[in-house]
Amino acid sequence: GIKSVHDVHSWAVSTDQFNFSCHVEITKESEPCTILNLVTKMLTQEFNIIHTTIQVEHENKFTDCGSC
């Protein structure tokens with residue numbers, strides 16, 4: 001599953017188009033593609049966000065995201 005979400009950004013491109021980016025830290029057992037599809041689907045259904053950039057990170061592999 002999802003352990004944490006950070007480095008979140010959302011901005012309007014126009015009055016009816018929004019973009020979104022974030023880093024999603026997942027548990028070791030999680031399948032990155034499955035999580036990516038679930039997050040993308042949720043953003044589309046709940047917030048009508050079509051354009052996303054989502055970086056998936058496995059827990060404990062990135063202890064310091066640097067610029068986050």
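From the N terminus on, the elements of this predicted chain run β-β-α-β, which amounts to one helix and three strands; helices (H or I, at least four residues) and strands (E, at least two) are DSSP runs, numbered from the N terminus. The model is predicted, with local features needing pLDDT of at least 70 and side-chain atom pairs counting only at pLDDT 80 or more, while totals for chains, interfaces and linings use all residues. Residues are numbered from 1 along each chain as its sequence is written, and side-chain values use heavy atoms, with hydrogens and water left out.

The three strands form an open sheet in the order β1-β2-β3, with mixed pairing, where two strands pair if DSSP finds at least two bridges between them. Because β1 (2-14) and β3 (51-58) stand at the edges with a single partner strand each, one side of each is left without a neighbour in the sheet. From one strand to the next, the twist averages 10 degrees, with axes being lines fitted to C-alpha atoms, for helices over the stretch in contact, and angles running from 0 to 180 degrees between N-to-C directions.

Strand β2 (residues 17-26) pairs with β3 in the parallel sense over eight bridges, and within this pairing His23 has Gln55 of β3 as its bridge partner. Helix α1 (residues 32-47) packs on the sheet and touches β1, β2 and β3, its direction making about 145 degrees with that of β3; contact means heavy atoms within 4.5 Å.

Of the 68 residues in the chain, 25% are buried, that is, under 20% relative accessible area with a 1.4 Å probe, protein chains only.

Definitions and conventions:
Buried < 20%, exposed > 50% of the residue type's maximum accessible area, 1.4 Å probe, protein only.
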